[in-house]
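Please open the model in a viewer and keep the selection panel at hand. The stops below proceed from one selection to the next.

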Amino acid sequence: MDPNGFIDEKSESRLYVGNLDLRITEAALIKMFSPFGKIVAEDFLWHTRGPKRGEPRGFAFIQYSTKEEAKLAKEKMHGKLACGRPLVVRLASEKYLVETAEKLSKGVGDSHKTSLSGNSSGQMSRTAKIAAIKNKLKALEEDSSISKKQKLAESVSTSESLDRPSGKR
(Lines give C-alpha, C1' and ligand atoms only; values in the text may rest on other atoms or scores of the structure.)
Protein backbone atom coordinates (compact mmCIF):
# COMPACT_ATOMS: atom_id res chain seq x y z
CA MET A 1 0.00 0.00 0.00
CA ASP A 2 1.25 3.47 -0.89
CA PRO A 3 2.07 5.34 2.35
CA ASN A 4 0.75 8.60 0.93
CA GLY A 5 -2.53 6.93 0.00
CA PHE A 6 -2.85 5.67 3.56
CA ILE A 7 -2.36 9.15 4.99
CA ASP A 8 -4.96 10.60 2.65
CA GLU A 9 -7.39 7.78 3.50
CA LYS A 10 -6.82 8.33 7.21
CA SER A 11 -7.45 12.08 7.06
CA GLU A 12 -10.58 11.50 4.97
CA SER A 13 -12.01 9.03 7.51
CA ARG A 14 -11.28 11.11 10.65
CA LEU A 15 -14.06 13.31 12.02
CA TYR A 16 -13.89 16.39 14.23
CA VAL A 17 -16.83 16.46 16.66
CA GLY A 18 -17.29 19.80 18.38
CA ASN A 19 -19.70 21.73 20.60
CA LEU A 20 -19.90 18.76 22.95
CA ASP A 21 -21.73 19.28 26.21
CA LEU A 22 -19.41 18.67 29.15
CA ARG A 23 -21.76 15.91 30.40
CA ILE A 24 -21.08 13.75 27.32
CA THR A 25 -18.65 10.92 28.10
CA GLU A 26 -16.31 9.01 25.81
CA ALA A 27 -18.60 5.98 26.00
CA ALA A 28 -21.66 8.05 25.09
CA LEU A 29 -19.81 9.58 22.14
CA ILE A 30 -18.79 6.17 20.82
CA LYS A 31 -22.34 4.90 21.26
CA MET A 32 -23.72 7.86 19.29
CA PHE A 33 -21.32 7.39 16.37
CA SER A 34 -20.99 3.59 16.18
CA PRO A 35 -24.17 2.98 14.10
CA PHE A 36 -22.46 4.57 11.07
CA GLY A 37 -19.46 2.22 10.81
CA LYS A 38 -16.48 0.68 12.52
CA ILE A 39 -14.71 3.15 14.81
CA VAL A 40 -10.99 2.36 14.78
CA ALA A 41 -9.82 5.24 17.03
CA GLU A 42 -11.28 7.95 19.21
CA ASP A 43 -9.53 10.94 20.78
CA PHE A 44 -11.56 12.62 23.50
CA LEU A 45 -9.69 15.76 24.53
CA TRP A 46 -9.28 16.84 28.16
CA HIS A 47 -7.78 19.92 29.80
CA THR A 48 -4.32 18.93 31.03
CA ARG A 49 -3.47 22.08 33.01
CA GLY A 50 -4.99 25.00 34.79
CA PRO A 51 -8.20 25.29 36.75
CA LYS A 52 -10.13 23.07 34.32
CA ARG A 53 -7.61 20.22 34.51
CA GLY A 54 -9.31 16.86 34.05
CA GLU A 55 -12.46 18.36 32.50
CA PRO A 56 -13.48 17.69 28.88
CA ARG A 57 -12.45 20.33 26.32
CA GLY A 58 -15.72 20.05 24.40
CA PHE A 59 -14.47 18.33 21.27
CA ALA A 60 -13.15 14.98 20.08
CA PHE A 61 -11.92 13.13 17.00
CA ILE A 62 -13.38 9.88 15.71
CA GLN A 63 -11.56 7.69 13.20
CA TYR A 64 -13.64 5.33 11.03
CA SER A 65 -12.27 2.44 9.01
CA THR A 66 -13.41 4.02 5.71
CA LYS A 67 -14.06 7.51 4.42
CA GLU A 68 -17.58 6.48 3.34
CA GLU A 69 -18.47 5.66 6.95
CA ALA A 70 -17.05 8.98 8.10
CA LYS A 71 -19.02 10.91 5.47
CA LEU A 72 -22.24 9.10 6.43
CA ALA A 73 -21.68 9.90 10.12
CA LYS A 74 -20.96 13.52 9.23
CA GLU A 75 -24.19 13.82 7.22
CA LYS A 76 -26.32 12.18 9.89
CA MET A 77 -24.81 13.74 13.02
CA HIS A 78 -23.94 17.33 12.04
CA GLY A 79 -26.44 19.61 13.77
CA LYS A 80 -28.02 16.79 15.78
CA LEU A 81 -28.83 17.82 19.34
CA ALA A 82 -26.88 16.14 22.14
CA CYS A 83 -27.71 17.34 25.67
CA GLY A 84 -29.47 20.32 24.10
CA ARG A 85 -26.50 21.44 21.97
CA PRO A 86 -26.15 21.01 18.19
CA LEU A 87 -23.12 18.91 17.33
CA VAL A 88 -20.57 20.28 14.88
CA VAL A 89 -19.29 17.36 12.81
CA ARG A 90 -16.73 17.83 10.03
CA LEU A 91 -14.01 15.87 8.37
CA ALA A 92 -10.92 16.61 10.45
CA SER A 93 -9.11 17.80 7.31
CA GLU A 94 -11.82 20.48 6.83
CA LYS A 95 -11.60 21.77 10.40
CA TYR A 96 -8.52 23.93 9.92
CA LEU A 97 -9.80 25.45 6.68
CA VAL A 98 -13.15 26.43 8.22
CA GLU A 99 -11.55 27.89 11.36
CA THR A 100 -9.16 29.96 9.25
CA ALA A 101 -12.03 31.30 7.15
CA GLU A 102 -14.05 32.15 10.28
CA LYS A 103 -11.12 33.98 11.88
CA LEU A 104 -10.55 36.00 8.74
CA SER A 105 -14.21 36.98 8.47
CA LYS A 106 -14.71 37.95 12.15
CA GLY A 107 -15.43 41.63 12.47
CA VAL A 108 -16.15 41.90 8.77
CA GLY A 109 -19.49 43.09 7.36
CA ASP A 110 -22.13 40.53 6.41
CA SER A 111 -21.35 40.98 2.72
CA HIS A 112 -17.92 39.42 3.26
CA LYS A 113 -19.10 36.63 5.55
CA THR A 114 -20.97 35.08 2.68
CA SER A 115 -17.93 35.19 0.42
CA LEU A 116 -16.97 31.55 1.00
CA SER A 117 -16.61 29.89 -2.35
CA GLY A 118 -18.91 27.07 -3.31
CA ASN A 119 -16.33 24.27 -3.23
CA SER A 120 -16.74 21.44 -0.76
CA SER A 121 -13.60 22.14 1.25
CA GLY A 122 -14.95 25.46 2.56
CA GLN A 123 -11.94 27.47 1.44
CA MET A 124 -12.30 31.21 0.83
CA SER A 125 -11.24 32.63 -2.50
CA ARG A 126 -8.00 34.58 -2.49
CA THR A 127 -9.74 37.91 -3.11
CA ALA A 128 -12.21 37.22 -0.29
CA LYS A 129 -9.32 36.50 2.09
CA ILE A 130 -7.59 39.73 1.07
CA ALA A 131 -10.80 41.72 1.53
CA ALA A 132 -11.35 40.14 4.96
CA ILE A 133 -7.82 41.02 6.06
CA LYS A 134 -8.17 44.61 4.80
CA ASN A 135 -11.48 45.03 6.64
CA LYS A 136 -9.98 43.63 9.84
CA LEU A 137 -7.04 46.04 9.60
CA LYS A 138 -9.41 48.96 8.98
CA ALA A 139 -11.48 48.00 12.03
CA LEU A 140 -8.35 47.74 14.19
CA GLU A 141 -7.13 51.15 12.98
CA GLU A 142 -10.52 52.71 13.76
CA ASP A 143 -10.51 51.18 17.26
CA SER A 144 -6.98 52.45 17.80
CA SER A 145 -7.81 56.01 16.70
CA ILE A 146 -10.94 56.08 18.88
CA SER A 147 -9.00 54.99 21.97
CA LYS A 148 -6.30 57.60 21.25
CA LYS A 149 -8.97 60.34 21.02
CA GLN A 150 -10.51 59.18 24.31
CA LYS A 151 -7.12 59.23 26.06
CA LEU A 152 -6.42 62.70 24.68
CA ALA A 153 -9.80 63.97 25.88
CA GLU A 154 -9.21 62.47 29.34
CA SER A 155 -5.77 64.04 29.63
CA VAL A 156 -7.13 67.45 28.57
CA SER A 157 -9.96 67.33 31.12
CA THR A 158 -7.53 66.19 33.85
CA SER A 159 -5.08 69.01 33.12
CA GLU A 160 -7.91 71.57 33.08
CA SER A 161 -9.10 70.47 36.51
CA LEU A 162 -5.53 70.76 37.83
CA ASP A 163 -5.18 74.29 36.44
CA ARG A 164 -8.36 75.52 38.16
CA PRO A 165 -7.99 76.89 41.67
CA SER A 166 -9.88 74.81 44.13
CA GLY A 167 -11.64 77.43 46.26
CA LYS A 168 -10.30 75.88 49.48
CA ARG A 169 -6.97 76.94 50.92
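Select strand E1 (14–18) together with strand E3 (residues 56–64): the two run antiparallel and are joined by four bridges. Strands here are DSSP runs of at least two residues (E) and helices runs of at least four (H or I), numbered from the N terminus; two strands pair if DSSP finds at least two bridges between them. Within this pair, arginine 14 stands opposite glutamine 63 in E3.

This is a predicted model, in which local features need pLDDT of at least 70 and side-chain atom pairs count only at pLDDT 80 or more, while totals for chains, interfaces and linings use all residues. Residues are numbered from 1 along each chain as its sequence is written, and side-chain values use heavy atoms, with hydrogens and water left out.

Axes are lines fitted to C-alpha atoms, for helices over the stretch in contact, and angles run from 0 to 180 degrees between N-to-C directions; contact means heavy atoms within 4.5 Å.

Turn to the largest nonpolar core, which has 18 residues; Leu15, Val17, Leu20, Leu29, Phe33, Tyr64 and Leu87 touch the most other members. Such a core is a set of buried Ala, Val, Leu, Ile, Met, Phe, Trp, Tyr and Cys residues joined through side-chain atoms within 4.5 Å. E1, H2, E3, H3 and E6 each supply at least two of its residues. Centre on phenylalanine 33: beyond four places in sequence, its contacts include Ile39, Ile62, Ala73, Met77 and Val89.

Select aspartate 21, in the loop between E1 and helix H2 (26–33). Is aspartate 21 buried or exposed? Aspartate 21 counts as buried because its relative accessibility is 12%, and buried means under 20% relative accessible area (1.4 Å probe, protein chains only). Aspartate 21 is in contact with Ala82, Cys83 and Arg85, leaving aside neighbours within four places in sequence.

Finally, colour by pLDDT, the predictor's confidence in each residue, from 0 to 100. The protein chain averages 77.

Technical notes: Buried < 20%, exposed > 50% of the residue type's maximum accessible area, 1.4 Å probe, protein only.
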